[in-house]
Amino acid sequence: MTFTPHPTLYRGAFATFATESTGFSQHFPGIRPHLLTLASNFRIPIYRDILLYLGVCSVSKKSCINILSAGAGAAITIVIGGATESLNARPGTADLTLKRRLGFIKVAIQQGASLVPVFSFGENDIYDQLSNEKGTTVYKIQKNFQKIFGFTLPLFHGRGLLTYNVGLLPFRHPIVSVIGKPIHVPKEEKPSKELLEKIQTLYIEELMRIWDTYKDIYARERTRELMLVD
């Protein structure tokens, strides 16, 4: 499963695929989801143990292949937009970084695993960010940090206990994760670029179908339509 958008903190992905708060096993019996995160997160004491307890795994290629090779029912959930997409996460928007993301499709084809798009409405609405448009000092610092450490730190804020516009608590907004139709792929050890791009097109079409079907229900406060920015 592939999860979008990549927010500042992915609460929807965590609730849906790392816990039973949404009743995942009842809706999809026999499927064992593994939410994936950066390998660097497993170097943080205590936090690492919490992740392991919840079944969260590394997003490295080796880890993906190891989980999928377990056979029927084994599933991984990748939040594919990465750090670049998280820097664009703002209330009312859904700016996705997908055009050059082919690695997850290649792994799926090599393992013969179906791709299942997931779009989480409201994910970008629970936190806002400081202004970081391209060319600003904040943007340059964040991108340099990303080059050095492999991830970046969005300068986000939510609400406080006594105020609604300053703090680290999330804004009050529902999050609804919609799981799309599976995209079945052929199993090939060395998929061609044409095949990767064909599957990517099918993936984007299903993602857009989810958006168009549910945007007027779960994204009524949007400021613009879903955009593929990179």
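First, the ground rules. The model is predicted, so local features need pLDDT of at least 70 and side-chain atom pairs count only at pLDDT 80 or more, while totals for chains, interfaces and linings use all residues. Residues are numbered from 1 along each chain as its sequence is written, and side-chain values use heavy atoms, with hydrogens and water left out. Helices (H or I, at least four residues) and strands (E, at least two) are DSSP runs, numbered from the N terminus.

I start with helix α8. α8 covers residues 193-218, which is 26 residues. From first C-alpha to last, α8 reaches 35 Å, close to the 38 Å expected at 1.5 Å a residue; that expected span is 1.5 Å times one less than the number of residues. α8 has a kink of about 35 degrees centred on aspartate 212. The bend at a residue is the angle between axes fitted to the seven residues ending there and the seven starting there.

Which residues of α8 are buried? They are Leu195, Leu196, Ile199, Gln200, Tyr203, Ile204, Glu206, Leu207, Ile210, Trp211 and Lys215. Buried means under 20% relative accessible area, exposed over 50%, and partly exposed in between, with a 1.4 Å probe and protein chains only. An α-helix has 3.6 residues a turn, so residues three or four places apart point the same way. The cover over the buried residues of α8 includes β1 (2-4), β5 (95-96), α6 (103-111) and β6 (117-121).

Next, strand β1, where threonine 4 sits. Threonine 4 is buried, because its relative accessible area is 0%. Leaving aside residues up to four places away in sequence, threonine 4 touches Ile80, Leu96, Val118, Phe119, Ser120, Tyr203 and Leu207; contact means heavy atoms within 4.5 Å. A cis peptide bond joins threonine 4 to proline 5, with omega about -5 degrees. Proline 5 lies in the loop between β1 and α1 (11-17).

Now the surface. Ile44, Ile46, Tyr47 and Ile50 form a nonpolar patch with about 380 Å² of accessible area together. Patches take residues with over 30% relative accessible area and no salt bridge, joining like charges within 9 Å and nonpolar side chains (Val, Leu, Ile, Met, Phe, Trp, Tyr) within 5 Å. Areas come from the Shrake-Rupley method with a 1.4 Å probe, and for residues only the protein chains shown count as cover. Isoleucine 46 is in the loop between β2 (32-37) and α3 (47-53), and counts as exposed because its relative accessibility is 61%. Isoleucine 46 also has a positive phi of about 70 degrees, although it is not a glycine.

Last, charges. A salt bridge is a side-chain nitrogen of Lys or Arg within 4 Å of a carboxyl oxygen of Asp or Glu. How many salt bridges does that rule give? The count is eight.

Arginine 224 and aspartate 95 meet in one of them, at 2.5 Å, N to O. That pair links distant parts of the chain, 129 residues apart: arginine 224 is in the loop between α8 and β10, aspartate 95 in strand β5. Arginine 224 is partly exposed at 36%, whereas aspartate 95 is buried at 7%.

Glutamate 225 pairs with arginine 222, the closest N and O atoms being 2.8 Å apart. Both belong to a network of salt bridges that links Asp212, Lys215, Asp216, Arg222 and Glu225. That brings us back to aspartate 212, where the kink in α8 is centred.
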